[in-house]
Amino acid sequence: MSEVLLKVSNLKKYYNSGSLFQKKKTLKALDGVSFELHRGETLGIVGESGCGKSTLAKSIIRLIEPTAGEIILGDKDFGKLSGQNLKEARKHIKMIFQDPYSSLNPRMTVNEIIGEPLDIAKAYKDIEERNKKIENTMETVGIDLSWKNRFPHEFSGGQRQRIGIAKAIILNPDIVICDEPVSALDVSIQAKIINLLFRLQRELNISYIFISHDLSVVRHIADRVMVMYGGKVVEEGITEDIFSNPKDDYTKTLLESIPYIR
Ligand code: ADP
Ligand code: MG
């Protein structure tokens, strides 16, 4: 097996509900998740709506703060980093969001959106190099350069997702977490975006954490699969093993719910 890029141990995210005068209830959105991600691989994450997939994704990159657990990114204790060190480490792990309509700032041009990670990381010498990097990335993901100064609302869903992908890859990350990256898109566009992600993986040697409720997509693209239920991992293994010989009862039920395999 290749190098371990990310090691997550016993990750938890609890939400407390109920006001001051009500009985407090704790929702365990993530309840002790552990796994490793290796260089160049795709780890699929499946499970019904509400099982904690997005909470896991956001906790890993610390878009939300986990309640407990350890996140080791390369040789860094990512879960404990702050300030400049956190900013620096975040260059290596990026996320592509489910909804390309709400995840892009409507008041920024494509040029500004894709260039933002460069600006935050100060990853260029001069404006010329900045522009070159943005243009190269636009070409890589298939956005016409003449659309640089347009705003997100002028693009279709698939094109917007390409903008989101460009923003995610412009700093050459090791890991990209894709949270249902095509489920908000027309079926006709989905395969194109999946193929783009595939190509980028080969060209840039990206490791993916690929979250999807579409099991046929996961079977197609993931090397390993992790099945979640109620904030926990109930089964994990090589994709073909999980699909052809599921051990866990929940996994069996989940697989039986696929109407057909594409
Ligand atoms: P999935 O992505 O698998 O559909 P989520 O990670 O979005 O699931 O949600 C897991 C659980 O955590 C759900 O029960 C959801 O309602 C709850 N949850 C998510 N975000 C919050 C929040 N900010 N406050 C309270 N509960 C939340
Ligand atoms: Mg989700």
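**Sheets and a ligand shell**

Reader: Which residue is the bridge partner of Ile-45 in strand 9?

Author: In strand 9, Met-226 is the bridge partner of Ile-45. This is a predicted model, in which local features need pLDDT of at least 70 and side-chain atom pairs pLDDT 80 or more, while totals for chains, interfaces and linings use all residues. Residues are numbered from 1 along each chain as its sequence is written, chains are lettered from A and ligands numbered from 1 in the order written, and side-chain values use heavy atoms, without hydrogens or water.

Reader: How do you know that strand 3 and strand 9 pair?

Author: Two strands (DSSP E runs of at least two residues, numbered from the N terminus) pair if DSSP finds at least two bridges between them. Strand 3, residues 42-46, and strand 9, residues 224-229, share four bridges in the parallel sense, and therefore they count as a pair.

Reader: What makes strand 6 and strand 10 the edges of their sheet?

Author: The open sheet consists of six strands in the order 6-7-8-3-9-10, with mixed pairing. Strand 6 (93-96) and strand 10 (232-238) each have a single partner strand, so one side of each is left without a neighbour in the sheet. Neighbouring strands here are turned by 15° against each other on average, direction ignored.

Reader: Why is the other open sheet, 2-1-4-5, called antiparallel?

Author: The pairing among its four strands is antiparallel; strand 1 (residues 4-17), for instance, pairs with strand 2 in that sense over eleven bridges. Lys-7 stands opposite Glu-36 in strand 2. Strand 2 and strand 5 (76-77) are the edge strands, each pairing on one side only.

Reader: How do you know that Thr-55 makes a polar contact with ligand 1?

Author: A polar side-chain atom of Thr-55 lies 2.5 Å from an oxygen atom of ligand 1, and a polar contact is a pair of N or O atoms within 3.5 Å, so the pair qualifies. By that limit, Lys-53 also qualifies, with a side-chain N or O atom 2.9 Å from an oxygen atom of the ligand, as does Gly-52, with a backbone N or O atom at 3.1 Å. The protein covers 57% of the 560 Å² of accessible area that ligand 1 has on its own (Shrake-Rupley method, 1.4 Å probe).

Reader: What makes helix 1 stand out in the shell around ligand 1?

Author: Residues around the ligand (a heavy atom within 4 Å) include Tyr-15, Leu-27, Glu-48 and Lys-53. Helix 1 (53-60; a helix is a DSSP run of H or I, at least four residues) supplies the largest share, three residues, and strand 2 (25-38) supplies at least two.

Notes. Polar contact = N/O pair within 3.5 Å; in protein donor to acceptor, adjacent residues only side chain to side chain. Axes fitted to C-alpha atoms, helices over the stretch in contact; angles between N-to-C directions.
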